[in-house]
Amino acid sequence: MKQSVFFLTLLIISVGSGLAIWAYLLPEYLREGGPLVAGLIAMLIMLCGFIIERGLTLRIARGKSSVQAFFKKVVTMLHTGDYEGAIAACDKQRGSVANIIRAGIERYNAVKDDSALNTEKKIEETQRAIDEANALEVPLLERNLIALSTIASVATMWGLLGTTVGMIRAFNATGHRKGGVIDAQSLAVGISEALVNTAGGLLNAIIGIVAYNIFVNKVDIFNYTIDEASYEVIQLLKEKEGI
């Protein structure tokens, strides 16, 4: 629900701002790119909105302090059997890594004294809790990445559409002569429209693709960190259970 509201709000703001900027704020030579330029401006604003949202989300997902320092503290507590302290440390750290580790430790703390479960079953329950938490956290890290790549692709084609329209107008100007002379002004306007849309489409594509690759790399690093931390916790608990 929140994601839908965010997307709809960003879309409305982007379209409205794009039209306003094109109509009132752009220099004349850029306004000659035609109304399709308003769409390119709207896409650029949407890109900026998604980039800011992803940057803030991934910053929050990292947690309050260094992941390495946090994990070292949790491992020390697990070694001493201080499971409540480890859970409290996860609550204090927050972030995706802490949430996933917390789920595993909390489940293990709940089943470790259950005589109905053997040691392997206790580890399986812990692993299941970690997997469930991971399934909830990872989509949050990857959210809106498709939007970045989609806007980059659409902007390229949108700019190409504007380029084509501009070239049509330019060639149309060469076909309508006044007294045997080509209408130089109409020709210049058509070429200007084509180039402005080309530049706008390429600008959006470059920003979108670069941002997408940066965030995909950050998400991959997060996933690797989560997998490594989860594996270490499971191995430590197996060691304590004598497996």
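Arginine 94 is placed in the loop between α5 and α6, where helices and strands are DSSP runs (H or I of at least four residues for helices, E of at least two for strands) numbered from the N terminus. The structure is a predicted model, in which local features need pLDDT of at least 70 and side-chain atom pairs count only at pLDDT 80 or more, while totals for chains, interfaces and linings use all residues. Residues are numbered from 1 along each chain as its sequence is written, and side-chain values use heavy atoms, with hydrogens and water left out.

The phi angle of arginine 94 is near 60 degrees, a positive value in a residue other than glycine, and the residue is exposed, with a relative accessible area of 54%; here buried means under 20% relative accessible area, exposed over 50%, and partly exposed in between (1.4 Å probe, protein chains only). A positive phi, near 70 degrees, is likewise found at asparagine 144, which is placed in the loop between α7 and α8 but is buried, with a relative accessible area of 9%.

Serine 96, in helix α6 (residues 95-111), counts as buried at 3% relative accessibility. With residues up to four places away in sequence not counted, serine 96 touches Ala61, Glu137, Leu141 and Ile226, contact being defined as heavy atoms within 4.5 Å.

Apart from neighbours within four places in sequence, valine 74 is in contact with Ala86, Ala89, Cys90, Ile101 and Ile105.

Three aromatic pairs were counted under the rule that rings of Phe, Tyr and Trp (its six-membered ring) pair if their centres lie within 6.5 Å, with planes under 30 degrees apart taken as stacked, over 60 as edge-to-face and the rest as tilted. The rings of phenylalanine 6 and phenylalanine 50 have centres 5.9 Å apart and planes at 70 degrees, so this pair is edge-to-face. Because phenylalanine 6 lies in helix α1 (residues 2-25) and phenylalanine 50 in helix α3 (residues 36-62), the pair ties together parts that are 44 residues apart in sequence. Phenylalanine 6 is partly exposed at 27% relative accessibility, whereas phenylalanine 50 is buried at 0%. Ring pairs link Phe6, Phe7 and Phe50 into a cluster.

Eleven salt bridges were found in the whole structure, each being a side-chain nitrogen of Lys or Arg within 4 Å of a carboxyl oxygen of Asp or Glu. Arginine 107 and glutamate 125 meet in one of these (3.3 Å, N to O), and since the former lies in helix α6 and the latter in helix α7, the pair ties together parts that are 18 residues apart in sequence. Arginine 107 also forms a salt bridge with glutamate 132, the closest N and O atoms being 3.8 Å apart. A network of salt bridges links Arg107, Glu125, Arg128 and Glu132. Elsewhere, the side chains of glutamate 193 and arginine 169 meet in a salt bridge (3.0 Å, N to O); glutamate 193 is buried, with a relative accessible area of 3%, while arginine 169 is partly exposed at 46%.
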